[in-house]
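Subject: Structure handover

Dear colleague,

I am passing on the structure below, followed by an account of what was found in it. Please read the notes alongside the coordinates.

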Amino acid sequence: MLVWLWLLAAWDGTGLVPHRHDLDNSEFTSIDAWRFSDRGSVALAEGTADVAALPIVIAGEPLTEITHYWLVREVAVSGTPRSFDFLSIHVTGLVSAYEVYWDGALVLRNGVVGDAPDSEEPGRNRGDAMIPAEAGGPGIHLLAIRVSNHFRPIPAAVPVASLGYAGIREMLWVDSFYIRLINLGIFLLSALLSLALFWAGPGHRAYLLFAACCAAYIAEVLMTLFLQYGLPWPLARNALLLGRTLHPLAGFLLGAFFLYQYRVPYKRALLAWTFALHLLVLVPWAGLSPGWAYLLPLVFVLKAMQQREPGSFSSFLGVAVAASAMIFSRGEAFFAYSAAMILFVFCIVFGMTRRIAEQERRHERARLRSAHLETQLLKKVIQPHFLMNSLLSLISYIEEAPDRAVVMIRALSREFQIVNRIADAKTIYLAEEIDLCKAHLTVMAFRKDVDFAFEHPEPIPEIRIPPMIFHTLVENGVTHAFRPGEGGSFRLSHSREGARVRLRLCNDGSRLRGVDNADSSRTDGLGTRYVKSRLAECFPGRWELRAGLVAGVWCVDIEFEVHERDS
C-alpha cells in the first residue's frame, strides 16, 4: 500500500515526474523509481530515445532472470551549487558491473558491462560517480545506469541511487570508518579479556565461547570495513555470503556461552535448538532479522535469573540492548549501535566478574569448611575409640594368631602413613585413594572378623581427586551398610565423556537395601558433608554427588568436570 501511495505522488499522468534535488540542502535524496529497459542502447542515456513508454520499476523489485538492463530517471536540480563541492551518485544494490551516465556523459565505469558472462568483467562492490561542477547545476538532467549482473551472488533487485554532495558523503564515510574502529576495539578487548580469564582462571569453557562470540563480531566489522572501501566482486561476493552467517554465528556462540556460564539443564538439547534457530535466521525466505539470533540467549538468561544466578540480570540487560540495536538501529556504522554494543559488552563482562567473585567466595567457604571437616575426620580416624578397638583386636590376634596380628599392624600403619602423607594435599591420584581404602578395609576386616574386598578398574585411571573422599564413603559403608558379622565388597567403576568424569562406588551390604530413594528426609552426615565440601573446593560449580539404590545395590555417584589446571 505504501508503495502505491508513493507512486501516486511521483506520477504526473503520463509517467514519473523528475526526481527533485535541492542544491541548497545538504541532505541526500534517494532515487528509488526508474524507467526500465532490458533491450536499450546508449541512446537511452543520451536522451534521444523515447523513454516515456518504458515500464516503471521500484527499488527492491526482484530481477531474477534479467542480467543486462538499463535504468533511466530524469532529475530536476534546483538551488545554488556550492563552490567548494560537487554532486556525486552512490548506487546501492548493484552487483558485478555497471556504468553511470549523466546527461549522456559517462561519469563512472565499474568493471566492464557485458551482454554475456564471457564479455563481462566484474567491478568492485563500491563506486561513487562524481558529477563535474559545470554539469551538476540547476535544470533537468538525465541519469542512466547500464547494468550487467552475470556474477551476482544473490538474486538481483532494482537498486537505489543516492544523490548528494561528494564532500558530505566522504565525511560520512570517514565517520563510519572511525565508528567501526570503535566497534572493533570493543570486541577485541572483550575477546582478549575472555581469553585471559580462560587461560589464567579455572579454564571454564564459557569464557572461551564468549571470546569466540566476540571474534565473530570482529570478523563482521573487518568485513564491513573492507566492503566500505571496495573489493573486487569475486572477493566481495564471498564477503557478503560470509557476512550473512556472522550475526547468527555470534548469536549461537552467545547462547552456548550462557548455557555453560549458568546452570541450565538439558544443555545438549538446547544447543541443538539454538543451532536450528540460527540456521533459520540464515534462510532468506524466513524473513527473520539478525535480532532474532538473540531470542534463545534471552531465554537462557531469564532461566538463570529465575534461579538467582549471580550476574544474570546484567547479562539479560546486555542481551536485550544488543537485540534492540540489531532490530531497530540502522546498522553498525551509527553511534547508537556502538553505544549499545559498549553497554552489551559491559553488562556481559560485569556478569562474568560477578560470577567469578561469587565462585571465589564459595571456594573460600568450601576451603574453610573442608579444613574444619578434615580436622574432625582426622580426629575420627585416630580417635581413642578406634585405636582402642584396633588394639584390643591386635591383642586377641597376638595371643591366638600372631601372623595375622602382624598383617593387621602393617595395614593399620599403612593407613596412618597414607593419611599423614595426603592430609594436607588439595588433590591426590586415584591410585593413592584406592590404596588408602584397601588398607582401611584390611583393618576393618580384622576388627570385625569378616572379609571385605575392594574392586577397582584396571588400569587405574590417572585422574586427581580430593583426598579421603572414597575412604570416607568406604568408612560410611562399613558402618551403615553391613550388618554385624556381615562381610562384602566395594566396587569402584569409572567412565569419562570428554572432560566429564564419573566415578561410582557401590557396596553389597544388606542394611540399606530397603532405603527409599524418594525419601527426602535423609540428611547428610559428617562424612557426606566432608565429601561435598572437598568437591566444591576442588571443582567449584562443576561437580555432582548422588546416592541411592541402583538395581538393589547402594551406590554413590560422583561426577565432575576436569580441567588441565586440575592435574
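In what follows, a residue is called buried when its relative accessible area is under 20%, exposed when over 50%, and partly exposed in between, using a 1.4 Å probe and protein chains only. This is a predicted model, in which local features need pLDDT of at least 70 and side-chain atom pairs count only at pLDDT 80 or more, while totals for chains, interfaces and linings use all residues. Residues are numbered from 1 along each chain as its sequence is written, and side-chain values use heavy atoms, with hydrogens and water left out.

By the buried criterion, C437 is buried with a relative accessible area of 1%, and C538 counts as buried at 6%.

The structure holds 1 disulfide (a pair of cysteine sulfur atoms within 2.5 Å), and this bond joins C506 to C555 with an S to S distance of 2.1 Å. C506 belongs to strand β16 (residues 500–507) and C555 to strand β18 (residues 553–561), so the pair ties together parts that are 49 residues apart in sequence; strands here are DSSP runs of E of at least two residues, and helices runs of H or I of at least four, numbered from the N terminus. The torsion about the S-S bond is about 110 degrees, so the disulfide is right-handed. Of its two cysteines, C506 is buried at 6% relative accessibility, and C555 is buried at 3%.

Turning to the helical spans, residues 177–200 are 100% helix and 0% strand, with end C-alpha atoms 34 Å apart. Residues 239–260 are likewise 100% helix and 0% strand, and their end C-alpha atoms are 31 Å apart.

Best regards
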